[in-house]
Structure formats: structure tokens, C-alpha cells
Amino acid sequence: MAEVAKKLVEEGEYPVEGIKMHKWLMCPGGKGILISEANSIEAVFKSWLRWIEKYPGIFEYHEVHPAMEATKVIDLATSM
């Protein structure tokens with residue numbers, strides 16, 4: 001995974017336009033976690049597609065979790 005990531009970053013292929021990375025963590029065994037901010041859902045898909053386009057089969061599992069600040073969620077939930 002590290003070699004793949006290095007090549008994408010060096011080639012300017014990652015992160016894609018519209019993605020602001022806040023934290024990128026790699027775990028033993030090649031898994032990782034990316035905490036990022038996206039301008040659009042299209043940017044999220046482009047980011048994922050970039051990896052599988054350049055390196056088919058790289059992901060055994062991929063999951064996206066939209067999130068927002070907890071205080072905003074609390075305000076939203078209590079205002080309904």
C-alpha cells in the first residue's frame with residue numbers, strides 16, 4: 001500500500017481535486033483510514049476511482065462514512 005500511495009502522490013494523482021486531507025493513517029497489513037473533507041460527492045467517488053483505476057484489486061474493502069462536527073449533529077437532532 002505504501003508504494004502505491006507514494007506513486008500516486010508523486011505523480012500528482014492524489015489527492016484529487018475537491019478533497020482536502022486532514023489525516024491519512026496506514027495500519028499494519030496495508031489497511032488505512034483517511035479523514036478528509038470533500039467539496040462534493042463526485043470528489044469522493046473520483047478519489048476512490050483514482051485508486052482502483054491505477055491499481056485494480058488494491059482494495060479488499062472500502063467504506064465511506066459522511067460525518068459532521070458532533071456539536072452540529074446535536075443541534076440538528078435537538079431542533080427536530
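Modeller: In this predicted model, strand β1 covers residues 19-26 and strand β2 covers residues 32-38, and the two pair in the antiparallel sense over seven bridges. Two of the pairings can be followed by residue. Lys23 stands opposite Ile35 in β2, and Leu25 has Ile33 of β2 as its bridge partner. The hairpin formed by β1 and β2 has five residues between the strands, and there Gly29 takes a positive phi near 90 degrees. On side chains, one general point applies: in a regular strand they alternate between the two faces of the sheet.

Lys20 is another residue of strand β1. Apart from neighbours within four places in sequence, Lys20 is in contact with Ser36 and Glu37. Ile41 is 21 residues from Lys20 along the chain, and the C-alpha atoms of the two are separated by 13 Å.

Pro15 lies in the loop between α1 and β1. The peptide bond that joins Tyr14 to Pro15 is cis, with omega near 0 degrees.

The crossing in which α1 passes α2 is right-handed. On the α1 side the contact is made by Val4, Ala5 and Leu8, and on the α2 side by Arg50, Trp51 and Lys54. By type, the residues of this contact divide into four nonpolar, no polar and two charged.

Helix α1 also holds a charged pair of its own. Glu10 and Lys6 both lie in α1, four residues apart, about one turn of the helix. Their side chains meet in a salt bridge, at 3.9 Å from N to O. The cut-off for a salt bridge is a side-chain nitrogen of Lys or Arg within 4 Å of a carboxyl oxygen of Asp or Glu, and by this rule the count comes to three salt bridges. In general, side chains of opposite charge can pair when their charged atoms come close.

Methods: Residues are numbered from 1 along each chain as its sequence is written. This is a predicted model: local features need pLDDT of at least 70, side-chain atom pairs count only at pLDDT 80 or more; totals for chains, interfaces and linings use all residues. Side-chain values use heavy atoms; hydrogens and water are left out. A crossing is left-handed if the near helix is turned anticlockwise from the far one by less than a right angle, and right-handed if clockwise. Contact means heavy atoms within 4.5 Å. Ala, Val, Leu, Ile, Met, Phe, Trp, Tyr, Cys and Pro count as nonpolar, Asp, Glu, Lys and Arg as charged, and the others, Gly among them, as polar. Two strands pair if DSSP finds at least two bridges between them.
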